[in-house]
Amino acid sequence: MSYENVKIGDIVYKEKCSKYLYILRENEDHENEDHENEEILKRSSISIFPIEWFCN
């Protein structure tokens, strides 16, 4: 959604069989040369079926 501040260039990440989807953004701290990613948003899946039913 637009109010969640997701921008072009953000990283969308979800581990296999995880309940969560993560949106990451490169840290804009110019003093830090490692350019680590910071978590912008964490969302759980919304489904009538548990995700464990589909993961092996």
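Is Phe54 buried or exposed? Phe54 is exposed, as its relative accessible area is 58%. Here buried means under 20% relative accessible area, exposed means over 50%, and partly exposed lies in between (1.4 Å probe, protein chains only).

The structure is a predicted model, in which local features need pLDDT of at least 70 and side-chain atom pairs count only at pLDDT 80 or more, while totals for chains, interfaces and linings use all residues. Residues are numbered from 1 along each chain as its sequence is written, and side-chain values use heavy atoms, with hydrogens and water left out.

**Confidence and overall build**

The predictor's confidence in each residue is given as pLDDT, from 0 to 100. For this chain the mean pLDDT is 82, and 88% of the residues reach 70 or more. Strand β1 (residues 11–13) has the highest confidence, at 92, and strand β3 (residues 37–44) the lowest, at a mean of 89.

The chain contains zero helices and three strands, and its elements run β-β-β from the N terminus on. These elements are DSSP runs numbered from the N terminus: helices are H or I with at least four residues, strands are E with at least two.

Of the 56 residues in the chain, 16% are buried. The accessible surface comes to about 5,200 Å², and carbon and sulfur atoms hold 51% of that surface; such areas come from the Shrake-Rupley method with a 1.4 Å probe, and for residues only the protein chains shown count as cover. Among contacts with a separation of 6 or more, 26% join residues 24 or more positions apart, where a contact means heavy atoms within 4.5 Å.

**The disulfide**

A search of the whole structure finds one disulfide, defined as a pair of cysteine sulfur atoms within 2.5 Å. Cys17 and Cys55 form this link, with their sulfur atoms 2.1 Å apart. The pair connects distant parts of the chain, 38 residues apart: Cys17 belongs to the loop between β1 and β2 (20–26), and Cys55 to the segment after β3. The angle about the S-S bond is -115 degrees, a left-handed link. Cys17 is partly exposed at 31% relative accessibility, and Cys55 is partly exposed at 22%.

Cys17 also has a positive phi of about 65 degrees, although it is not a glycine. Asn5, in the segment before β1, likewise has a positive phi, near 65 degrees. Asn5 is partly exposed, with a relative accessible area of 41%.

**Aromatic rings**

Rings of Phe, Tyr and Trp (its six-membered ring) pair if their centres lie within 6.5 Å; planes under 30 degrees apart count as stacked, over 60 as edge-to-face and the rest as tilted.

| Pair | Centre to centre | Angle between planes | Class |
|---|---|---|---|
| Tyr13 and Tyr22 | 6.4 Å | 40 degrees | tilted |
| Phe49 and Phe54 | 6.4 Å | 85 degrees | edge-to-face |

Tyr13 is partly exposed, with a relative accessible area of 39%. Phe49 is partly exposed at 41% relative accessibility. Ring pairs also join Phe49, Trp53 and Phe54 into a cluster.

Another ring has a charge over its face: Lys42 lies over Tyr20, 4.2 Å from the ring centre. A charge sits over a ring if NZ of Lys or CZ of Arg is within 6 Å of the ring centre and within 35 degrees of the ring normal.
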